[in-house]
Each structure stands twice: as C-alpha cells, then as structure tokens.
Amino acid sequence: MDNLGRIRREIGPVTPELSDALADHMNIRRGEVHEVVSFYSFLEVPADAVRVCIGPVCDCLGAKDLLAREQENANGVPVLGVECLGHCDIAPVLMRGDVVEPDVTRRTNTGSSLGLEQADQTLAEYEARGGLAVLRNLPAKEKIVEELKASGLTGYGGAGFPTGLKWEAVAKEPAPRYVVVNADEGEPGTIKDRYVMELRPHLMLEGTLIAMDFAEATEGFIYLREEYATARARLEQALEELRAAGVLDGRSLELVIGAGAYICGEETAMLESMEGRRGMPRLKPPFPSQVGYLGRPTLINNVETLAHIPAILRDGGEAWPRVRLWSVTGAVTAPGCYEAPLDVTPRQLIDDYAGGATEEIGAVVPGGAASGILPPAALDVPLTRESLREWNAGPGSAALQVFPASYSPLRLLAETMRFFAEESCQKCTPCRIGNRGMHHLVEELANGEAAMTREQAEEWLDAMAATSICGLGQGAPFPMRNAFTHWPELFEPLGEPAIK
Amino acid sequence: MSSMVRFTLDGREASAPEGELLVHAAARHGVFIPTLCHDDKLDPYGGCRMCVVGVEGSPRPLPACATRVAEGMVVSTNSNVPAFRKTLTEMLLAEHLDPNPGGRPNELTDLAADLDAEAPFILPDAKRKEYEDRNRLMGYTPDACILCNRCVRYTQEVMQCSALSLEGRGPHARIVPTWERSWLDTECELCGGCLSVCPTGAIFEKFLEGTEQPERELVKTKTTCTFCGVGCQLDLNVDPETNRIVKVTSEPHYVSNEGNLCVKGRFAFNFVHHPDRLTKPMVRREDGELHETSWEDALQVAADGLNRVKAEHGPQAIGFLASARLTMEENFLIQKLARSVVGTNSIHSCEAT
Ligand SMILES: Cc1cc2nc3c(=O)[nH]c(=O)nc-3n(C[C@H](O)[C@H](O)[C@H](O)COP(=O)(O)O)c2cc1C
Ligand code: SF4
Ligand code: SF4
Ligand code: SF4
Ligand code: SF4
Ligand code: FES
C-alpha cells in the first residue's frame with residue numbers, strides 16, 4: 001500500500017506496467033498487485049485530479065451542478081465525483097489535488113473535554129496546556145481500565161463498544177500486541193476526527209501513546225484517509241516534535257495512508273489493507289483484540305476516542321463530563337463540529353450550537369449513512385443509543401445532517417443506497433447485491449414504479465441485516481426501514497407491508 | 001486424534017471432532033447445507049452467505065463453511081435460515097445474466113430450482129464488461145460469474161499462479177486474468193484448476209464438443225493420466241452417443257492429485273480420437289513403408305533387430321530411452337531389459353531433462 005501510494009504521488013497513476021514492475025521488485029505475483037490496485041478508488045487516478053464530493057450533504061447543497069461545471073472546464077485534468085470528503089461544513093466542496101475548495105473554516109466551541117476551540121500549533125503549546133502530563137505519569141493498568149469503565153466512554157468510531165472493556169480484553173491477550181488508530185473517517189457527514197487532528201494533533205497522539213504503553217505495544221499505526229492532507233501534515237509535524245523530544249524513544253508510531261475506500265474504516269478491512277491486501281472485512285469472531293494486525297492482538301480505536309483518554313485519566317472517569325463531538329452540517333447557519341453531551345437533541349444542536357436552521361427541516365440523519373433517517377418529529381429526541389433505539393436508529397459517528405424540506409427524502413434515500421452499493425467491498429452477496437437492489441428500487445419509486453413488492457423488499461432487508469459480514473451491509477437497511485415508517489406515502493406503489 | 005465434542009443440531013444431540021467445519025459436521029448427521037463459495041481445497045471464505053445457520057449466542061447467523069464446531073454449540077438450520085437462503089439466491093439471480101455460457105453445470109441455477117427462487121428484477125448494472133480470451137482451451141463469461149472468488153483463491157492458494165484477479169469494488173467488481181490480459185500473457189499454465197472449482201460454469205472448456213450436452217448425461221470412466229509418472233487420477237467424460245471423450249474432470253478425493261490436474265491431463269486428450277493415432281502395431285518392411293501386423297510379429301522384428309546390432313557391434317552399441325509417460329514400475333522393467341537382457345548401461349529418460 002505504502003509503495004503504491006508513493007508511486008502515485010512520485011511517478012503518476014498506477015498503470016499495469018508500474019503495477020507489474022512493483023510486483024517483480026517485491027517478488028510477489030503480478031495478479032496480487034493488480035487486485036489491490038483496482039480495489040482502491042485513487043491509485044489509478046493522477047494526484048492532481050479534481051475530486052468533487054457527491055456525499056449527501058454536498059448533494060443537497062448543489063454538488064451535482066458543481067461536478068458538471070468542473071467537468072466542463074476540466075482542461076484535460078480528470079474530474080471525478082467521490083463519496084464524502086469529510087468537509088461537509090463547507091459544502092459543496094471539492095479537492096484540486098490536495099487543496100480543498102472553498103477555503104477551510106472551522107467552527108467549534110469551548111468544550112469541557114477536548115478543548116478544540118484553541119488549536120495547538122506546536123508541542124510546546126500543547127505542553128503549556130498540560131499536555132503529556134498523563135502520559136509521563138501513567139497509572140497502573142488496572143487503574144486505567146477502572147477509570148475508563150467509570151467514564152462510560154464508548155467507541156466514537158461508530159460501533160459504540162465500551163472502551164474500558166476493549167482495553168481490558170486486549171491486555172489479557174499475549175504479547176506482542178499492536179495499537180492502530182482509526183483515522184479513516186469516511187462516514188458521510190462526519191468531520192470530527194479531522195477537526196481533532198487539524199486542531200489538536202498532539203492530544204490524539206498522547207491518547208495513542210497511552211494506549212501503546214497500556215498494551216505494551218512498541219509499534220503503533222495511524223491509518224489516515226488519503227484525502228486528509230492537512231491532518232497528515234499536522235500529524236507528521238507533531239510526530240517529528242515528539243520524536244525530537246524523545247517521547248517516541250523505544251517505539252515506533254507510523255502513518256499509513258489509505259487510497260480511497262470507505263470500507264477500510266471497518267476495522268478488519270483496515271487490517272487487511274495495512275497488510276497489503278484488498279480492504280475486504282474478515283469474518284468475526286475472532287475479533288481484532290484477539291487476532292488483529294499480522295495475526296497479533298490489536299487494540300483499534302477511533303481518533304476521537306483516543307483524544308478523550310488524557311482528560312479521563314487526568315480528571316478521573318467519574319468526573320469526566322460524558323461528551324462527544326457532533327458534526328453538524330447541512331441546512332444550518334453555522335455548520336461545524338461541536339462538543340456536546342451525549343443526550344443532546346437535534347434541535348439543541350441545530351439552534352444552540354449551529355446557529356439555527358436555514359430552511360424548514362425535512363429530515364435529519366443522526367450519525368452517518370447507516371444511522372437512520374428521521375422526520376422532523378424526532379427533533380427533540382435525545383441522541384443517545386437508548387432513546388434512538390426506539391426510533392430504530394442510532395447515534396453512529398455523531399454526524400447530524402440536516403436536510404431541508406425541499407430535498408426529497410427519496411433522493412436522500414437513493415443517494416444513501418447508492419453510497420452503500422458503491423462502497424460495498426463486494427465480498428458478500430447480501431451487501432453487494434442487496435444495496436444495488438435497494439438503490440434500484442428507490443430510483444424506480446422516484447418514477448412511480450415498483451421494482452418489487454413491499455414484502456420482497458422487506459425480505460431483502462432482513463437478509464442484508466442478518467447475513468452480511470460487516471457493519472456496512474448489516475447497517476444499510478436502517479435508513480430504508482426508517483423511510484418505510486416515516487414516509488409511508490413514498491412506498492405506496494410497493495403495496496402492503498408484510499404482516500409480521 | 002482430535003477430541004470429540006458434543007453439540008446440538010436442530011434439537012438433536014450430535015458429535016464431531018473438535019474444530020470440524022459445521023458444514024461437514026452437519027453433513028455427517030444427514031443435514032445438507034448448500035454452499036457456493038466454499039471449496040474444501042481452499043481456506044474458509046464465508047462470502048456467499050448461502051450456508052448461514054443459527055448459532056445460539058451469536059447475534060446473527062454464522063456461515064457453516066467457516067464456523068468450527070465447539071463443545072455445547074447449539075445450531076439450527078431450520079428457523080429463519082431457509083428464508084435467507086432463498087432471498088440470497090434471488091439476489092444472485094438478479095445479476096446472473098448468462099446461466100450457461102459453456103455447458104458446465106451451474107450450482108446456482110440448480111439451487112434456484114430447488115428453492116423455487118426467482119429474481120424480482122434484473123439489476124440495471126448487472127451487465128459486466130465482457131471478456132474474450134484468445135487461448136484455445138478456456139473461456140470465461142463475466143455475466144455468469146457470482147463472484148464467489150473460488151477461482152481466484154484457487155490460483156493463489158493451490159496453483160500459486162495468481163493469474164486471476166478479483167478486480168474492482170462494489171458494482172464494478174469482476175474476475176479477470178491479471179490486468180485483463182489473455183491467460184496466455186499471465187503466469188497461467190492453463191491447468192484448468194480455476195475452471196474446475198467454478199460453481200457456475202463461468203469459466204469453461206472452450207473446445208467442449210456439443211456444448212448443448214449437459215454434463216450429467218456424460219458417462220465418466222475413471223482412469224490414470226498417461227502423460228507422466230505423477231499418475232493423476234481422472235475421469236474421462238464420454239458422450240455415450242458419439243462414444244467420444246468430451247472433457248476430463250477429476251474429483252477432490254482422488255489420491256495423488258486431489259482433483260488437481262495439469263494442462264496435459266485436463267486438456268490434451270484429443271489424441272485419443274486423432275486420425276493419426278496408431279491403434280495397431282506397424283512394421284516398416286523392405287519396401288520402406290509401414291505395414292499393419294500382429295503384436296507377436298512386431299515384437300519379433302524388434303527383437304531380431306536388437307539381436308543383430310548386438311551381434312555385429314556389441315551391447316554398448318544399444319541405448320534405451322524411456323518415455324516420461326512410463327510409470328516407475330515400467331521404468332524398472334526397461335532398465336532390467338537393458339542391463340540383464342541386452343547388457344548395456346546406456347539408459348536415459350526424457351524426464352531427466
Ligand atoms: C462500514 C464501516 C465503516 C467504518 N468507518 C469508520 C471510520 O471511518 N472511522 C472509525 O473510527 N471507525 C469506523 N468504523 C468502526 C470501526 O470498525 C471500529 O469499530 C472502530 O474503529 C473502533 O474504534 P472505537 O471503539 O474507538 O470506536 C466503521 C465501521 C464500519 C462497519
Ligand atoms: S457487508 Fe459489504 S462491505 Fe461488509 S464484507 Fe460484506 S460486502 Fe463487504
Ligand atoms: S488455469 Fe491453472 S494456471 Fe491458469 S489461472 Fe487457472 S489455476 Fe492458474
Ligand atoms: S468465475 Fe466462477 S469461480 Fe470465479 S468467482 Fe466467478 S463464479 Fe466464482
Ligand atoms: S495430469 Fe499432468 S501432472 Fe498429472 S499425471 Fe497427467 S501429466 Fe502428470
Ligand atoms: S458457502 Fe459458506 S458463505 Fe459461501
């Protein structure tokens with residue numbers, strides 16, 4: 001992966017000839033390199049290509065027009081539509097090579113855990129705010145697990161697994177162990193990890209080093225999505241500073257750069273990708289905490305999860321304010337990334353943090369593509385796992401996307417299912433075909449036609465949820481089912497729902 | 001011997017060696033679980049999901065082809081599993097545009113017929129980019145492929161040629177030889193192994209005679225490959241009407257080759273029906289032409305010739321060249337003939353090169 005990324009940046013798009021040359025050089029079969037190259041979206045695309053985001057937030061703010069305009073004025077530079085670029089706060093957005101347009105602005109607040117409102121330019125600034133104090137004076141392992149459990153911290157990557165339990169499980173497995181930071185943020189609408197890495201890279205790195213000390217891991221990796229060029233530069237600088245200060249002595253912490261594949265954010269797909277294969281999820285169990293990178297026990301956490309760790313260990317789990325970062329985007333006055341309590345409501349996020357809605361609200365998505373699609377009636381529901389369960393939805397990666405009433409729910413649904421279909425790794429039948437089938441169904445509905453009966457559609461969704469290998473296929477039915485419930489009139493052509 | 005464990009299968013007590021794949025353990029207890037992406041020669045993959053079964057304690061059904069039996073496991077194959085299986089079959093049919101490109105059996109359409117499954121629609125993007133290969137032995141039709149990845153895994157795990165790739169992602173995924181070259185321009189040796197594991201016949205024998213002839217009607221005769229001393233076991237598939245060999249297959253349980261063959265064993269059987277093939281002994285007489293004769297006479301002529309050379313020039317004037325197609329026992333007899341009967345040590349086999 002590393003070599004392929006370097007070829008793309010230093011020589012040009014990976015061609016069959018370059019792929020073969022690399023295979024011969026590395027003494028591996030040419031076919032195996034071909035498989036990997038073709039899996040990722042960007043390896044065969046020049047580094048200066050224009051990438052226009054067609055994620056849902058950008059789509060509702062005019063991405064298709066932007067894409068058409070760019071394609072018209074292309075001048076020979078490839079222009080492609082890509083899934084969420086993680087800059088939904090300045091939507092519609094594009095990247096010319098590594099440069100984001102329009103200019104990046106960041107709106108955030110004074111939080112009680114991460115302190116994102118004040119950026120750390122250097123390690124010295126970070127240390128002046130008390131940085132590295134926890135790492136330098138780390139409590140015993142049992143104490144760390146105890147504090148994490150007391151804090152109630154759950155993974156902020158999307159799955160929401162209790163962090164204390166995960167750490168405890170990894171520590172029980174035999175050494176050597178690895179630590180991997182999931183910085184592949186690709187969930188549509190999610191911009192929070194980028195904020196953390198761009199504003200307080202040292203904070204995330206301290207959390208990572210704590211995790212490595214805890215797991216007695218001498219090697220750690222940060223799997224960063226390729227599109228985050230600024231975050232990459234900030235992390236590289238921060239790592240250099242830490243290295244110079246001797247903080248990294250005796251251990252290595254490396255950046256691994258993705259190549260455009262949402263599924264690589266799924267932890268086992270990420271491990272496959274790190275090992276130089278196609279990013280196709282592994283069967284679980286075993287879990288990465290048991291069998292992870294190179295077959296060794298591996299602790300994988302999201303950027304934001306790790307960034308909260310220093311505050312939790314400093315102030316104690318009980319005292320930690322139970323907050324997370326909410327990406328608030330779409331039809332709001334001040335789209336941005338705000339730290340707020342776990343039980344905040346959509347209305348509070350929109351009005352109290354993001355300056356209010358710009359238009360009448362038609363639908364909100366609480367936390368990423370698979371978190372569900374909710375009607376305005378849900379605006380006062382606390383966005384906790386428990387209360388959203390009643391709505392057959394979840395907080396996911398806490399990416400509140402606000403869609404105006406003028407944007408049809410069917411269009412939102414179609415874009416969402418198209419996203420899943422495109423980003424499916426294709427390994428398993430229910431996800432590879434089910435998502436395409438659902439996309440087809442929704443597109444047909446927009447023309448007033450029914451491609452299948454409601455009963456059949458529900459059978460397909462049941463099979464997707466139950467038999468898919470990973471969270472992508474398992475989660476994809478949520479927005480469809482929400483739409484069945486909240487916008488039944490859109491599905492009338494399908495006939496009666498099945499009686500359960 | 002691994003230890004035995006007890007588990008429950010559809011409410012009945014069952015036992016199996018610890019670590020046995022569920023699909024095998026169930027089969028031994030008379031419960032047949034259909035599979036598409038599984039192949040005993042390959043590592044468990046769990047991609048098609050056709051074999052999922054309910055396992056108590058697991059939030060979702062698990063693939064029987066990749067899940068190993070453990071003590072106390074409670075497995076059910078008859079709750080909601082059959083419904084999933086039917087839906088998954090429907091899904092596969094929704095992009096299965098060409099069920100029979102080359103006359104090989106198709107496990108997907110067989111399964112669909114068993115389950116009475118039909119695609120509700122054909123996906124608008126079901127059509128895959130076509131692929132034509134200029135080699136004369138194997139063809140491949142992307143529109144018949146169900147992306148079970150068996151062929152690619154075979155090329156990587158068994159043949160180690162890696163000449164096939166699973167290319168692309170999502171709706172664009174497809175199987176092709178490396179960078180869409182001809183098989184002839186890859187590391188492929190045309191052994192046909194990838195073809196033999198393909199469950200849908202997407203990869204097929206190109207020269208198959210009478211492709212309209214379904215395989216079931218061919219008569220199989222088990223024999224040993226005559227091409228080399230490895231002695232692979234294979235089945236000649238003969239069309240009873242024409243009495244001609246249509247193709248060669250092999251079974252995973254055959255000793256020595258476990259169903260694998262090389263290009264010669266699998267594809268080079270056409271000499272059997274070739275008009276130039278000698279089927280009777282022939283002797284070149286004084287007129288310089290070959291004449292049909294009996295075995296007795298032919299052997300006599302050969303023996304006379306050898307004796308004459310030996311008498312005139314001594315035994316060292318004679319050398320024996322053994323064919324690579326002989327078995328070890330036959331090679332032993334040749335050197336016996338050379339050393340004790342003729343009295344020469346000049347023996348060679350073309351296998352030595
Ligand atoms: C399709 C899919 C995409 C995912 N993408 C991300 C991602 O971009 N970032 C992330 O941190 N976790 C992502 N996850 C969740 C990870 O698999 C994993 O649960 C997480 O990295 C664990 O860290 P945490 O416990 O700190 O959340 C994704 C999961 C799935 C199924
Ligand atoms: S659910 Fe989708 S992304 Fe996950 S393994 Fe299956 S095909 Fe791949
Ligand atoms: S025919 Fe044999 S050598 Fe060729 S790709 Fe298939 S398995 Fe590999
Ligand atoms: S060609 Fe055959 S074996 Fe290969 S993936 Fe397709 S269906 Fe499976
Ligand atoms: S199939 Fe190939 S390897 Fe096997 S006996 Fe025949 S020639 Fe030898
Ligand atoms: S046969 Fe088990 S998943 Fe395909």
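Predicted model: local features only at pLDDT ≥ 70, side-chain atom pairs only at ≥ 80, totals over all residues.

Started with ligand 4: I found 14 residues around it, and the closest are Cys145(B), Cys148(B), Asn149(B), Cys151(B) and Cys198(B).

For ligand 4 I get eleven nonpolar residues, two polar and one charged.

Next, ligand 2. Here 13 residues surround the ligand, with Cys425(A), Cys428(A), Cys431(A), Cys470(A) and Gly473(A) as the closest.

I read an open sheet of four strands, ordered S2-S1-S3-S4, with mixed pairing. Which strands stand at the edges? They are S2 (79-82) and S4 (99-101) of chain A; each has a single partner strand, so one side of each has no neighbour in the sheet. I also noted the twist, which averages 25° from one strand to the next.

Zoomed in on one pairing. Strand S1 (residues 50-53) of chain A runs parallel to S2(A), and four bridges join the two. I picked Arg51(A) and looked up its bridge partner in S2(A), which is Leu80(A).

Helix H5 (residues 63-72) of chain A lies across S1, S2 and strand S3 (94-96) of chain A. For direction, I have H5(A) running at about 165° to S1(A).

Note on methods. Residues numbered from 1 in each chain as written. Chains lettered and ligands numbered in written order. Heavy atoms only, no water. Pairing = 2+ DSSP bridges. Axes fitted to C-alpha atoms, helices over the stretch in contact; angles between N-to-C directions. Contact = heavy atoms within 4.5 Å. Near = heavy atom within 4 Å. Nonpolar A, V, L, I, M, F, W, Y, C, P; charged D, E, K, R; others polar.
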